[in-house]
Amino acid sequence: MNFIDNPRKLRGFEKNLKVEKISRRSILKGLGVTGGFVLAAPVMTRRAFAYETGAGKMPHGVVVDPRVFVAVAPDGTVTILAHRAEMGTGVRTSLPLIVAEEMEADWSKVKVQQAHGDEGKFGNQDTDGSRSTRHYLIPMRQIGASARTMLEQAAAKRWGVPATEVKAVNHEVVHSASGRKLGFGELAADAAKESVPSIEGLKLKDPKDFRYLGKGQVSIVDLHDITTGKAGYGADVRLPGMKYAVIARPPVTGGKLVSFDPAEAMKISGVEKVMQVRGWPWPSKFQPLGGVAVIARNTGAAIKGRDALKLVWDDGANGKYDSVAYRKELEEASRKPGLVVRQEGDADAALKAADKVVIGEYYLPHLAHVSMEPPVAVADVKGDKAEIWAPVQSPGGTREDVAKTLGIPEGNVTVNVTLLGGGFGRKSKCDFALEAALLSKELGTPVKVQWTREDDLHHDFLHTVSVERIEAGLDKDGKVIAWRHRSVAPTIASTFAAGAKHAASFELGMGLVDMPFEIANISCENPEAAAFTRIGWFRSVSNIPRAFAVQSMVGEIANATGRDQKETLLALIGTPRIVKPAVKDMWNYGEPYDSYPIDTARLRKVVELVAEKGEWGRQVPKGHGLGIAVHRSFVSYIATIVEVAVDDKGKLTVPRVDTAIDCGTYVNPERIASQIEGAAIMGLSLAKYGAVTFKDGKVEQKNFDDFQVIRMDESPVVTNVYIVPPGPDTPPSGVGEPGVPPFAPALMNAIFAATGKRIRALPIGKQLEA
Amino acid sequence: MIKVKINGQEQSWDGDPDLPLLWFLRDEAGLTGTKFGCGQALCGACTVIIDKEAVRSCITSINDVAGREVTTIEGLHPDGDHPVQKAWREVNVPQCGFCQAGQIMQAAALLMENPKPSHDQIREAMSGNICRCGCYQRIENAVHLASTGV
Ligand code: FES
Ligand code: FES
């Protein structure tokens, strides 16, 4: 695997864990009240459970050490460290909750503390790929069980009884034979002296004794602060002497500043300085684009100053990027053979022999993340030390990139993770934090770099743009005997290496080569596509266009054969089996295939569950229609039914959405529901409005008036969520992303049922009004 | 010198009178509960209440509010127990939470004007406030709960 197959390899991480002293910054002091050392932390490599995950293969792997993650104070307060970033999924609550569960801590006495970026100490912290629960359910249980064991051992010693006779129960250790009890706080100091038990010997709780896991009765830890305005996001950090900056960046990706005139800007009240910011050539991963910064005493003055700048840019080679012309290029490429990435049987011959060929060519434009909180970061650089406060999904990666950008050792960089006002993949890329670091270094004062919404739309790492073309060959009985899917889209790899034109394996594995249908002749192809702007990952990534095409095609086949959508879908999925696509080293979301195979029994199950609960086939009023779609992504299985209503003017509303999810063993069903409700709205946003378009190399949209997202008056009236109960050993799988892909195709199938119109190009825009 | 009462406290400003109230609140007065989401009155993240009305602070200049009473999320209720705030917690509305201060201020203003809004009135009144995480179903339920107690 080269780095393009795995961009995260670019991070230059070190596999070996170092013995290092806990810095003063870390309020956590191990189990006890006195300071301690983080010893060589055991990396989980052995097969401890009935399944394995890819966690150990992530940069810096997994750290299982209670002294790193848990502290017990003499008053009994248990502090648990959240090492992943909170962007709305609930992870900052869910992971510590797992520790508290195993540890027998009382959640009302638990405080959650956010870890700063230090992967050597905490293990991998990259919060994306819908991985946190699936990679950390077991390690967090082991950490909690270790802490519990240490507390139990300390109590047993105090009482002079065998450890087997004592038991931690709800924040106390009890010796039931004698009726003695000691609170966690009373045991803290002694427990800290106990050696950390080996992972092998740990006794984990029987799931039937769980108080919190799987129950959904614990609210997120930030709930109160969010409702009172106290929750701290990136922009809410204020330091003494801090300056406020906004930056004018090259309007075309790869463009350069030719000249600038600061005179008018300097006349604006509150503006203190205008200065150039270093930029890197495109592509350069997450390095800043460069430009001109306006430094002021408040953000309002900085924005007004920027408006007054006179700027001359050289647009460079991407100045010709034009979305209308590019769409034609993609369409043409999709009509010719391309790099074959999966081949079973002989699709060419079978298509020629088919009784009927159904062809669908689907177009999905670029999308912007537009997290509610635009990118923002605060930096304080003094000499060869840097401290950052930022809403970043990957604090470890940010730390490495800040160190490299400033040319200082990584150990001199502290990255504090604030709450993220949404992330969706945008905040995995830390360009905004690097800008703040560069400016602070030059100014010698702390500085906050605030992106405006216009900046966010103009300089995003956009979701790709794609044409997906599917040809399905049917025999005379309407059975699908051939399937050819060509997927053409600029690749995320182009942001890491100039000239990358084919999808990386992780992109191929998102709905193209892992297509689960039982068809004898399959060809998946990936013709070339060049990139002309920064392409990045957006919640569920390539699964959006692939699921859109594949599941729309199911609807088209149903129509061509006069059969029910759901029955057509189940027939295509075929027999319950483990799918083994003929693809070498198929990317499986980084997970071992044994533990996380494509299991069509589970795929069928979510279809059947949503059909039953969502009353598939129910009578709907005139002008309404039902559509269904299913998709496996992030190793979870999700099926959605959308009811749409289209009035005689073509106005579309969504009275009801039903979604079934099988995400294996889960922690907090209440947060699963909130993610799925949100995914339906994001799916509706991208279907109805989502398009970032380019003209002369520049993004045409500016703000929420021309890059629209769904508002309350047009959101689904009700979204019902059904969670498949896990088997005893079902591994946990993704939740944050996989709700998005099935929504749009289910909606298209519903629109077809309601109106007879098949929409193949997004966004819907005015297509229903014609 | 512009004087304005914010959450019951008098504040003054002698800088640019055109400074948007949002940036005065956040950067000058240190009241960071009010959020920046678009700067163009398109998203509602910056919503505050001025004399009982929900107002977008990003397009309201500090000069426009001279002598008036501004309430931000920090001043909605001393303990954070305004019926809307309580309902928000009861329903577990937030995901990332970034839009929620604006949503809560908008909802509080709605209920002052119309204590028992219908489903359609809630959806209409709240549709100037974007939630990119997509909490709308719960926002609607929470407004309903705050207005009816059920
Ligand atoms: S920031 Fe004021 S409405 Fe968006
Ligand atoms: S909760 Fe994230 S934008 Fe509303």
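This is a predicted model: local features need pLDDT of at least 70, side-chain atom pairs count only at pLDDT 80 or more; totals for chains, interfaces and linings use all residues.
**Stop 1**

Show chain A and chain B in two colours. The contact takes 65 residues from chain A and 53 residues from chain B. How much area is buried between chain B and chain A? The figure is about 4800 Å², and carbon and sulfur atoms give 55% of it. Now select B:Arg123, B:Arg132 and B:Tyr136. Within chain B, these residues lose the most area to chain A, and together they make up 18% of what that side buries.

**Stop 2: pairs across the interface**

The rule finds seven salt bridges between chain B and chain A. To see a salt bridge, pick A:Glu670 and B:Arg138. Their side chains meet at 2.5 Å, N to O. Polar contacts can be searched too: 31 residue pairs, both at pLDDT 80 or more, are in polar contact between chain B and chain A.

**Stop 3: the chain B side**

Which elements give two or more residues to the side that touches chain A? Select helix H1 (21-28), helix H2 (83-90), helix H3 (100-113), helix H4 (119-125) and helix H5 (136-148) of chain B. H5(B) gives the most, with five residues. Next, colour this side of chain B by residue class.

**Stop 4: an annotated span in chain A**

Select residues 228-317 of chain A. An unreviewed UniProt entry places the feature "domain: Aldehyde oxidase/xanthine dehydrogenase a/b hammerhead" here. The span is 16% helix and 33% strand, and its end C-alpha atoms lie 48 Å apart.

**Stop 5: A:Glu373**

You will find A:Glu373 in the loop between strand S15 (356-364) and strand S16 (376-382) of chain A. Is A:Glu373 buried or exposed? With a relative accessible area of 1%, A:Glu373 is buried, because buried means under 20%.

Now show what surrounds A:Glu373. Its side chain reaches the backbone nitrogen of A:Gly234 at 3.1 Å. A polar atom of that side chain also lies 2.8 Å from the backbone nitrogen of A:Gly421. Leaving out residues up to four places away in sequence, A:Glu373 touches several others, among them A:Tyr233, A:Pro391, A:Lys427 and A:Arg453. One of the residues that A:Glu373 touches sits in chain B: select B:Phe98.

Terms used: Residues are numbered from 1 along each chain as its sequence is written. Chains are lettered from A and ligands numbered from 1 in the order in which they are written. Side-chain values use heavy atoms; hydrogens and water are left out. Helices (H or I, at least four residues) and strands (E, at least two) are DSSP runs, numbered from the N terminus. Buried means under 20% relative accessible area, exposed over 50%, partly exposed in between (1.4 Å probe, protein chains only). A polar contact is a pair of N or O atoms within 3.5 Å; within protein, one must be able to donate a hydrogen and the other to accept it, and residues adjacent in sequence count only if both atoms are side-chain atoms. Contact means heavy atoms within 4.5 Å. Buried area is the accessible area (1.4 Å probe) that two parts lose on being put together, summed over both. A salt bridge is a side-chain nitrogen of Lys or Arg within 4 Å of a carboxyl oxygen of Asp or Glu. UniProt positions are given in the numbering used here, feature names are shortened, and annotations may be inferred rather than shown by experiment.
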